[in-house]
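Subject: Handing over a structure

Dear colleague,

I am passing the structure below on to you, and my notes on what was found in it follow. Please read them with the model open beside you.

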Amino acid sequence: MGMRAMVQNALRFDDVFVPDTHVLGQPGAGMEVARDAMAFARLGIGALCLGGMKRCAQLMLRYASRREVAGGRLLEHPVTLARLDDLTGAIGALEALVRALGAHDERGGAHGGLPQEACMACKCVASELLWEAADMLMQLLGGRGYLEPNLAPLLMRDARVMRILEGPTEALYVHLGAGAPDGACLTFAADVLDAPDLVRQVRAALQEAGAACPSYAAGELCAWTLLVAACGDGPAAPWARRRWSALLAQLKQGGAPAA
Ligand SMILES: Cc1cc2nc3c(=O)[nH]c(=O)nc-3n(C[C@H](O)[C@H](O)[C@H](O)COP(=O)(O)OP(=O)(O)OC[C@H]3O[C@@H](n4cnc5c(N)ncnc54)[C@H](O)[C@@H]3O)c2cc1C
């Protein structure tokens with residue numbers, strides 16, 4: 001569908017000699033090396049999705065400011081403005097998260113380093129938001145969006161794989177949810193991103209829901225809690241809190257997964 005230079009194959013090693021100088025990590029602990037590599041790839045995907053979302057916003061703004069439809073310029077229609085507003089909020093929130101995680105890692109990752117769970121959360125939220133952005137772009141550009149030369153199809157194909165690559169959203173949310181409420185994602189949000197009150201609310205809701213809460217829903221809420229924590233009091237905070245509150249309410253009503 002895209003990334004055509006990246007051929008998909010299973011690779012098997014059988015009786016391969018590896019000299020000591022070529023061993024990564026400890027023998028028998030290769031999964032740790034893989035997890036470490038995936039954590040950074042997931043943070044990278046977060047940054048990449050952020051760039052993709054900014055490109056969507058740019059293309060949406062350009063088209064809407066030039067296109068006349070019934071009732072006036074497309075950019076002046078409330079539905080267009082609402083979507084651009086939504087996308088602007090998403091970009092601001094994701095930028096806050098990617099920067100917070102990157103800055104923590106660059107500072108040497110106090111509090112035990114950058115947890116793999118934080119990178120997982122970032123990757124899931126980012127890829128889902130990019131997909132929403134690509135869909136908004138396609139819709140705003142109408143029939144022109146569907147045409148190959150107008151970039152939206154390319155962006156949409158590239159965005160689509162991000163929800164699958166380096167672990168699909170479902171598997172990662174289930175993993176995050178299984179570790180909640182004491183997992184590293186919430187602990188990082190409370191201690192490093194300085195949002196103990198927010199995390200207390202989420203932990204209380206998760207504890208109350210108990211076994212009735214599907215891991216997927218718990219994981220999604222943990223990831224969004226990290227996003228809200230990263231926004232702090234910044235401009236994207238109201239947007240992130242709105243979506244987070246809806247997830248929290250949904251979890252309290254039985255936690256049916258949104259996806
Ligand atoms: C272009 C491309 C490049 C890739 N590059 C690499 C690479 O360089 N290295 C590498 O190792 N891999 C690579 N992959 C593989 C990729 O990481 C996997 O395809 C991805 O992690 C999903 O695994 P899977 O395909 O085995 O899906 P499956 O495990 O079969 O999952 C299928 C679907 O089931 C659902 N699902 C899975 N687990 C759960 C769960 N626990 N709970 C609920 N639902 C679940 C999800 O919706 C998922 O999409 C690449 C894939 C693509 C498309």
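Methionine 3 lies in the segment before helix H1 (30-66), where helices (H or I, at least four residues) and strands (E, at least two) are DSSP runs, numbered from the N terminus. The phi angle of methionine 3 is near 45°, which is a positive value in a residue other than glycine.

Before going further, please note that this is a predicted model, in which local features need pLDDT of at least 70 and side-chain atom pairs count only at pLDDT 80 or more, while totals for chains, interfaces and linings use all residues. Residues are numbered from 1 along each chain as its sequence is written, and side-chain values use heavy atoms, with hydrogens and water left out.

Met3 is also one of the residues that surround the ligand, and others among them are Met6, Gln8, Val161 and Val174; a residue is counted as near a molecule if one of its heavy atoms lies within 4 Å of it. Helix H6 (residues 169-179) gives the largest share of this shell, with 3 residues. By class, the shell holds 8 nonpolar, 2 polar and 2 charged residues, where Ala, Val, Leu, Ile, Met, Phe, Trp, Tyr, Cys and Pro count as nonpolar, Asp, Glu, Lys and Arg as charged, and the others, Gly among them, as polar.

A polar side-chain atom of glutamate 170 lies 3.0 Å from an oxygen atom of the ligand, and a backbone N or O atom of glycine 167 lies 3.3 Å from an oxygen atom of the ligand.

Finally, the domain assignment, which is automatic or taken from a database, gives domain 1 (38-162) and domain 2 (169-252). The contact between them, meaning heavy atoms within 4.5 Å, takes 27 residues from domain 1 and 21 residues from domain 2. The C-alpha centres of the two domains lie 21 Å apart.

With best wishes

Note on methods:
Polar contact = N/O pair within 3.5 Å; in protein donor to acceptor, adjacent residues only side chain to side chain.
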